[in-house]
Amino acid sequence: MIGVSKLLCDTQNYGDSLRYSSASKGQIHGTAKGIGPVIAWNITRTCNLKCLHCYSDSDAQLYNGELSTIEALRFIDDCAVFKVPVLLFSGGEPLIRPDVFELVQHAKKQGIRVTFSTNGTLIDRDMAQKIKDLGVGYVGISLDGLGKANDDFRGKIGAFEQALSGIRHCLAVGQRVGLRFTINRYNYGDLENIFDLIKEEQIPRVCFYHLVYSGRAAHMMENDVSHDESRAALDLIMEKTVEFGSACEILTVDNHADIVYLYLRQLKKDPLRAAKIWELMNRNGGNRSGIAFANVDPLGNVHPDQFTQNYILGNVRERPFGEIWTDMSQPVLSGLKHRQSLLKGRCSQCKWLSVCNGNFRSRAEAVTGDFWGSDPACYLTDEEIGID
């Protein structure tokens, strides 16, 4: 994640302490020395929607072999031992899992911050209050367009209104909540309207995701935006970030070309601000899948991130998470922790490699067939990255 609000407006939010701490630079096993990675945990694959871009290829059916309550509680205990700072409960739809609140409560007792990634359609006032009472740190609700555009994308009529109601219920009880918006060909035209919605509803956070070609989204490569459209989207996001200031935390996710683009724009506009951005982006180091970010799927398999579920590093039923995460005999994991010498093509020649770290490997593999190839979603020109 790239904290656009932090970089442009110097706002202070929880995640910034993990992304831009001086203690994070050079770490290979977590967010800081002695602290484990943030884990996106798919607690179930079952979902009440069927979204076009779902990386876990979820739908409304039960899936065999998911972690039992006892196994899930044991995994949380292992996370506490490894000092995992955040568990992001995801799915499928996490709120479908019957024991979800028991898992949340246990994680909180272990001192782990819990957040939700949800489609929001199941959040009524009572559930919002329950989430608030349990001390969930943040609820991210996906909206990928307005009205029919979102419903078509998510495969259910009425999904937009249900998700918006979920946001309103969270706001009403004082639960921190925000939007998740994946930029693609279907909803690119709604980008500016999303900011109008944020202002109207007084939503305090929004994450703009770039499309990653994984799961059902593997068939959406032709529906991604162009490089010029990516640049225009970032121009708008930066403009709105400054306009909103501290009223809304704005982030972009899944394309580390954003940080370089943002820096280059500020270098021309505000060199003093650019110098601060340079310091923060050097602390972060770019893509940290396999380092400060991990994924555990419903079966207990550990992956570098949620988009590389074709690579299994181990299973938490068989070994503690921390043991899996530090096993340097695993070639993909070891490679990600020291990836710069393995990268190929434009990524290997880029002068910004130290602050991008090769961007997204799953997207590179989807297009080139090579896990260490160049990320095709990098929209920076050859001149901007220092290639003649």
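Helix H3 has Ala72, Leu73, Phe75, Ile76, Asp78 and Cys79 as its buried residues, where buried means under 20% relative accessible area, exposed over 50% and partly exposed in between, with a 1.4 Å probe and protein chains only. Helices (H or I, at least four residues) and strands (E, at least two) are DSSP runs, numbered from the N terminus. This is a predicted model, in which local features need pLDDT of at least 70 and side-chain atom pairs count only at pLDDT 80 or more, while totals for chains, interfaces and linings use all residues. Residues are numbered from 1 along each chain as its sequence is written, and side-chain values use heavy atoms, with hydrogens and water left out.

**Helix H3 and its cover**

The cover over the buried residues of H3 includes E2, E3, E9, helix H4 (100-109) and helix H12 (321-325); contact here means heavy atoms within 4.5 Å. H3 (residues 69-81) lies across strands E2 (38-42), E3 (86-90) and E9 (293-296), and runs at about 175° to E2. Such axes are lines fitted to C-alpha atoms, for helices over the stretch in contact, and angles run from 0 to 180 degrees between N-to-C directions. With 13 residues, H3 reaches 19 Å from its first C-alpha to its last, close to the 18 Å expected at 1.5 Å a residue; the expected span is 1.5 Å times one less than the number of residues. Just after H3, Lys83 takes a positive phi of about 60°.

**The sheet**

Eleven strands form an open sheet with mixed pairing, in the order E1-E8-E7-E6-E5-E4-E3-E2-E9-E10-E11. Two strands pair if DSSP finds at least two bridges between them. Strand E1 (2-3) and strand E11 (314-315) are the edge strands, each pairing on one side only. E1 pairs with strand E8 (residues 249-253) in the antiparallel sense over 2 bridges, and Gly3 has Leu251 in E8 as its bridge partner.

**Nonpolar cores**

A nonpolar core is a set of buried Ala, Val, Leu, Ile, Met, Phe, Trp, Tyr and Cys residues joined through side-chain atoms within 4.5 Å. The largest has 65 residues, and those with the most contacts inside it are Ile39, Trp41, Leu87, Phe89, Phe208 and Phe321. Helix H7 (residues 159-173) gives the most to this core, with 6 residues. A second, separate core of 26 residues includes Ala257, Tyr261, Ala274 and Cys350.

For Cys248, the nearest cysteine sulfur is that of Cys207, 9.2 Å away.

| Residue | Relative accessible area |
|---|---|
| Cys79 | 0% |
| Cys248 | 1% |
| His256 | 8% |
| Lys6 | 10% |

Lys6 belongs to helix H1 (residues 4-9). Apart from neighbours within four places in sequence, Lys6 is in contact with Thr11, Gln12, Asp16, Tyr20, Arg273 and Leu280.

His256 sits in the loop between E8 and helix H10 (257-269). Not counting residues up to four places away in sequence, His256 touches Ile2, Gly286, Asn287, Cys356 and Asn359. His256 and Cys356 are 100 residues apart in sequence but 5.3 Å apart in space, C-alpha to C-alpha.

Definitions and conventions:
Disulfide = S-S within 2.5 Å.
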